[in-house]
Amino acid sequence: MFHYQSSGRNESAAQFLARITRTDLKRVHSGEALTISCEKLEDYANEALHPNKADKEPDIPDKPHKADRSFDPYQFIFNRWNKLDEAEKDQINDLVSHTKSIEEIMRAIADSKMKTRTGVKAEYLQPRTETEQKIAGLWADILNVDKVGVLDNFFELGGTSIMAAQLIVKFKNAFDMMLPVRIFFDSSSIEQMAMYIEAVKSEQNKQDINESAVSNFRYKTREFLKNEVWLDEEITGAKELQAWDHTRIHNVLLTGVTGFLGAFLLQELIAMTDYHMVLLVRADSVQSGYDRVVANMEMYNLWDEAYRSRIEVCTGDLARPLLGQQLQDFNELAVRIDSIYHAGAITNFLEPYNKIKDVNVQGVQEILRLASTHKLKQVHYVSTHYVFSTLSHENGYIAYEDTIPSDHEVLVLGYQQSKWVSERIMALAKERGIPVSIYRVGRISGSSTTGACQTRDIMWLMIKSCVEAGVLFEENVNIEFIPVDYVSKSIVALSIQAGSSNKLPYCRQ
């Protein structure tokens with residue numbers, strides 16, 4: 001017995017149920033109980049196998065037939081086979097004899113997409129024990145690589161957070177134990193995982209091992225991140241540079257303009273200042289860079305043709321030395337630029353630190369290099385309040401504008417880690433005399449006036465998934481949202497105030 005429930009996207013299912021149950025489509029849409037009998041199944045099979053033999057559509061009775069509980073599926077198939085003529089039987093036999101099994105087809109597809117083990121720092125070392133071989137097989141299967149060494153790093157082989165979560169389930173089935181998911185983010189290897197599994201097998205306390213693994217991971221992560229905090233000695237405001245003058249700002253560099261917040265920042269800077277905006281855009285040419293900027297702003301209904309006289313595209317790349325510029329071009333840019341708004345970053349919460357470091361951390365180094373070349377420039381850096389971890393502080397903890405994230409923050413996400421390291425680098429720059437302002441932003445929502453919003457954020461994707469699946473979270477979750485136009489207006493308003501340098505304001509409601 002079935003009940004049809006519309007989701008707005010399953011009309012084909014309603015039509016199928018109406019046909020197979022011989023029920024009027026309106027009754028299906030009403031949600032009344034539907035019954036599928038063996039007789040109806042046989043009729044439907046007849047129609048599917050011999051569509052040309054039916055002169056007209058079968059009648060749809062008002063009420064469904066009572067199910068035949070003596071139905072024999074094997075006899076049903078045998079009867080259907082005997083009703084076929086010899087040509088039809090030969091056609092089916094020929095198809096069956098020349099068709100590969102589903103397993104063979106899926107393996108062929110996987111093999112065609114198989115990648116070669118490349119770009120891995122560790123030397124290849126073949127799995128030695130049965131446990132290492134089993135883990136290597138699971139890794140190779142989900143990563144779709146030809147081979148995996150016991151010292152290889154999961155993410156260097158192309159692994160993602162989603163793949164790690166999938167592997168946790170596979171490990172549960174293979175070894176009958178739940179590995180801590182964080183083990184994948186600890187620069188871990190098959191060798192380390194095998195040691196953990198063998199320890200559990202030898203009846204060591206599993207909870208103690210889990211707690212030890214988590215504690216060890218957090219300690220190693222903190223030590224690793226602290227070692228990531230450094231600033232090139234050449235980057236300093238103590239050199240003989242032209243002093244920064246906030247009253248003489250004309251050319252301003254903006255990064256991240258092809259992103260969500262960056263588009264609104266550009267609009268607000270044009271509206272509230274007379275700055276000439278130089279936009280750092282990753283593109284093959286200046287024209288394609290312009291096209292990216294315009295397309296992005298049009299997506300949020302922000303573009304105005306009058307902006308063309310106020311903007312200039314400079315092709316570059318945050319992940320490359322000198323922002324992807326030739327030395328001469330970099331120096332010329334340093335002469336022209338008076339102030340910098342750095343909003344460019346990879347904000348994907350699923351990416352590990354090493355995947356986003358070049359853009360989020362090395363990019364900060366190069367922005368500060370530009371800020372300290374030829375003349376000092378104010379740097380307005382967009383950060384996040386996620387540099388303070390809820391795992392490190394009790395509920396109700398308050399971080400003020402001048403609160404610096406401690407060395408003991410438990411930072412799980414690669415994005416958090418990259419911002420923590422970047423803020424520490426900004427602090428070093430400030431100590432060396434470079435004027436820096438940091439704006440810690442929370443979770444950004446759509447515009448308060450138009451509703452224009454980006455759709456790639458994990459929160460919006462989760463909400464969309466809940467709506468389409470018709471489910472809700474089991475527990476209530478409190479989440480702060482800040483309209484994107486509120487954030488952009490706040491950053492610009494705070495940044496153009498006299499004496500705004502060396503501040504760490506929050507953008508929140």
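In what follows, Ala, Val, Leu, Ile, Met, Phe, Trp, Tyr, Cys and Pro count as nonpolar, Asp, Glu, Lys and Arg as charged, and the others, Gly among them, as polar. The model described here is predicted.

**Cavity.** One cavity of 30 Å³ or more is counted, and the largest cavity holds about 40 Å³ of space. Its lining is formed by R222, L225, S406, D407, E409, L411 and W420, a set that divides into three nonpolar, one polar and three charged residues.

At least two lining residues are supplied by each of the helices α11 (260-272) and α15 (414-431) and by each of the strands β2 (276-281) and β5 (378-384).

| Space | Volume | Nonpolar lining residues | Polar lining residues | Charged lining residues |
|---|---|---|---|---|
| Largest cavity | about 40 Å³ | three | one | three |

**Helix pair.** The axes of helix α7 (residues 130-143) and helix α9 (residues 190-201) come within 9 Å and cross at roughly 125°, and α7 is therefore oblique to α9. The crossing in which α7 passes α9 is right-handed. On the α7 side the contact is made by T131, E132, I135, A136 and W139, and on the α9 side by I190, E191, M193, A194, I197, E198 and K201; the residues of this contact divide into seven nonpolar, one polar and four charged.

Definitions and conventions. Residues are numbered from 1 along each chain as its sequence is written. This is a predicted model: local features need pLDDT of at least 70, side-chain atom pairs count only at pLDDT 80 or more; totals for chains, interfaces and linings use all residues. Side-chain values use heavy atoms; hydrogens and water are left out. On a 1 Å grid over the protein atoms alone, a cavity is a set of points where a 1.4 Å probe fits but cannot get out, and a pocket is an open set with protein on both sides within 12 Å along at least five of seven lines; lining residues have an atom within 4 Å of a point. Grid points are joined across faces, edges and corners, and a volume is the space filled by probe spheres set on the points. Axes are lines fitted to C-alpha atoms, for helices over the stretch in contact, and angles run from 0 to 180 degrees between N-to-C directions. Helices (H or I, at least four residues) and strands (E, at least two) are DSSP runs, numbered from the N terminus. Angles under 35 degrees count as roughly parallel, over 145 as roughly antiparallel, 65 to 115 as roughly perpendicular and the rest as oblique. A crossing is left-handed if the near helix is turned anticlockwise from the far one by less than a right angle, and right-handed if clockwise. Contact means heavy atoms within 4.5 Å.
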